[in-house]
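Let us walk through this structure step by step. Keep the picture in view as you read.

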Amino acid sequence: MSMEAGIWSPSEQRTVAIVGLGYVGLPLALLFAERGFHVLGIDSDKQKIDKLSIGKSYILEVQDDEIQAAIASKRFVPSDQYSELGSAEAVMICVPTPLTAYGTPDLSFLTQAAREIGCRLRKGQLVVLESSTYPGTTREVLLPLLSAFDWKIGEDVNLAYSPERVDPGNTDYRVAQIPKVVSGITPSCLSRIVELYSGVFNQVHSVSSTDAAEMTKLLENSYRLVNISFINELAMICDVLELNLWEIIEAANTKPFGFKAFYPGPGVGGHCIPVDPSYLAWKIKQYGIKSDFIQISNTVNRIMPMYITQQLKLHLAPKLLSSARILVYGAAYKRDIADHRESASIELIHMLQLEAECVMYHDPYVPSIQVGGEKLMSVELDEAVLSGLDCVVIATDHSSLPLQMLLEHASFIYDTRNVTGGAEGKAKVVRFGGGWS
């Protein structure tokens, strides 16, 4: 059956292209390959392509053997070239959508990819944007870019939006198990993406417009930002009131309805939670409105590294922070992952560097980081290193954290994740949100 008709015979091997092979695009590519599709994976980073070509992963959640199996089956072909796009029935765009230095949306990766795709499209193809972005991006940015190549959307080619919902480090939900929200610029565009994604994902949920689908992703992450920031504010309040918020959350969580537990920490991180709400805040400014919740939540999130620094000054006294040697355990923004994008740990390390005598970090998943233009290497943890420190700050609760070694050989632990709760050792322990030992 012809591509122009948009109908494919079950006997044909279907081909899709995925542009952007990061935390979203690579798992998506491997899923399509696993489902029997031929997948052209495109990324402008040649180092990524070189690694994939020899079956090596650069993402913790993706194993080498998954890549090797996909390449050996000839169902996954990584490339840094767009030249083969014409062979695909659908092109999924999974490029980064970060913030600029001014906190505004940076769509440069998206517009560049759209131009590369637009000049190579063939009639009957489907283009799907998966990158997180503000309501209106597909319709106001991507649609005009593709239309500039004289394509009639909904007739010549189809355009859809489906927000990625990847949760790095979450082994309970594989990509195929997470319900897929889909939308289309026109009814025919929606029909195309529903047909394609229904053969790959366990559940597909369609919404009325691409704007609605874009807003769905922003709702999910704004909800998390607001609640995590609120619980961090409560933790600071409980520090003053000398109450243990961790105990209070545990008690509140016994209620079988009307409450969902969120937990304190050094601040939110990752590509989504610190970024997506700012996309929404930027968009609604164009309508002369604002979100007080997002604004306040961003403020709380930004002050967390400063608050922790002040707490260290308080609890290290009479020793001055300027003469203290501090180690931050964890650079990743959450447990058991290597992703340290927008991690609160990075900002905390930077703030401590400005005031402390010596600041080090350890993370079993993150061998090096850039802090204030300086490259830092993860130090090995041993008794000698720990005994020479004035403080260990637990910023990330990796499951491999050597808690008992820290408790026995560190003199002081500031715990932002409550991993020391119920544990005993020689170290003085202060837990963010209440609880001293």
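This is a predicted model: local features need pLDDT of at least 70, side-chain atom pairs count only at pLDDT 80 or more; totals for chains, interfaces and linings use all residues.

Strand 1 (residues 15–19) pairs with strand 2 (residues 38–42) in the parallel sense, over 5 bridges. Within this pairing, Thr15 stands opposite His38 in strand 2. In general, the strands of a sheet pair through backbone hydrogen bonds, either parallel or antiparallel.

Now widen the view. The open sheet has 8 strands, in the order 3-2-1-4-5-6-7-8, and its pairing is mixed. Strand 3 (76–79) and strand 8 (204–206) are the edge strands; each pairs on one side only. From one strand to the next, the twist averages 25°.

Helices come next. Helix 2 (residues 46–53) lies across strand 2 and strand 3, and runs at about 150° to strand 3. Helix 7 (residues 210–241) packs on the sheet too, where it touches strand 6 (158–161) and strand 7 (180–184).

Now look at the rings. The structure holds 8 aromatic pairs. Phe32 and Tyr197 form one of them, edge-to-face, with 6.1 Å centre to centre and 65° between the planes. Phe32 is in helix 1 and Tyr197 in helix 6, 165 residues apart. Both Phe32 and Tyr197 are buried. Together with Phe37 and Phe201, they form one aromatic cluster. The charged end of Lys180 sits over the ring of Phe201, 5.5 Å from its centre.

Tyr223 and Phe262 form another edge-to-face pair, at 5.7 Å centre to centre. Tyr223 lies in helix 7 and Phe262 in the loop between helix 8 and helix 9, so the pair ties together parts 39 residues apart in sequence. Which of the two is buried? Phe262 is, at 12% relative accessibility, while Tyr223 is partly exposed, at 40%. The charged end of Lys260 sits over the ring of Phe262.

Terms used. Residues are numbered from 1 along each chain as its sequence is written. Side-chain values use heavy atoms; hydrogens and water are left out. Two strands pair if DSSP finds at least two bridges between them. Helices (H or I, at least four residues) and strands (E, at least two) are DSSP runs, numbered from the N terminus. Axes are lines fitted to C-alpha atoms, for helices over the stretch in contact, and angles run from 0 to 180 degrees between N-to-C directions. Contact means heavy atoms within 4.5 Å. Rings of Phe, Tyr and Trp (its six-membered ring) pair if their centres lie within 6.5 Å; planes under 30 degrees apart count as stacked, over 60 as edge-to-face and the rest as tilted. Buried means under 20% relative accessible area, exposed over 50%, partly exposed in between (1.4 Å probe, protein chains only). A charge sits over a ring if NZ of Lys or CZ of Arg is within 6 Å of the ring centre and within 35 degrees of the ring normal.
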